[in-house]
Structures are given as C-alpha cells and as structure tokens.
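This report looks at the packing inside one model.

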Amino acid sequence: MLRERTLVKTERRGPVFLICINRPERRNAVSIETGIELKKAIHSFQDDENARVAVLYGTGQIWSYLPK
C-alpha cells in the first residue's frame, strides 16, 4: 500500500515502513512543510502495529543537502 503525499511518501513492505522525502529538485532538503509531513509519516509508523523498523530515504541522487 503506497500512500503518496506532496513532499513525503510512505509505504510498508512487511515489517519495514519506508518513509521517502520527495523533493529531488531541492536536494531533499527538509523545509518546514516537509518537516510537518515527516512528523505525520513518523506517527503513521508508530501507529502501525505491523511495522517493526522505519527506513528514511530521499528521491533522486542526493539524500539531503545542508549548505555550508
């Protein structure tokens, strides 16, 4: 079951709960809006009795970006 959100996608595969930041055009940087969506995704993981582990990743070639 894939639930797609504007900025964050979630999917459960067996006991694994996948959380994907979907902002490749922004190098998957976490904005305020993305942070809100991540919080919702984490709550979904915590509420899922069949999920045992969460994996956080980003789309595209860059996981996340922190400017220097």
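## A threonine in the helix

Thr34 lies in helix α1. Helices (H or I, at least four residues) and strands (E, at least two) are DSSP runs, numbered from the N terminus. Thr34 is buried, at 0% relative accessible area; buried means under 20%, exposed over 50% and partly exposed in between (1.4 Å probe, protein chains only).

Beyond four places in sequence, Thr34 is in contact with Leu7, Val8, Ile21, Arg23 and Ala29 (heavy atoms within 4.5 Å). Thr34 and Ile21 are 13 residues apart in sequence and 7.7 Å apart C-alpha to C-alpha.

## Basis

The model is predicted: local features need pLDDT of at least 70, side-chain atom pairs count only at pLDDT 80 or more, and totals for chains, interfaces and linings use all residues. Residues are numbered from 1 along each chain as its sequence is written, and side-chain values use heavy atoms, leaving out hydrogens and water.

## The nonpolar core

The largest nonpolar core has 8 residues: Leu7, Val8, Phe17, Ile19, Ile21, Leu38, Ala41 and Ala51. Such a core is a set of buried Ala, Val, Leu, Ile, Met, Phe, Trp, Tyr and Cys residues joined through side-chain atoms within 4.5 Å. β3 and α1 each give two or more residues to this core. The largest share, 3 residues, comes from β3.

Leaving aside neighbours within four places in sequence, Leu38 is in contact with Val8, Ile19, Ile21, Val30 and Leu56. Phe17 counts as buried, at 0% relative accessibility.
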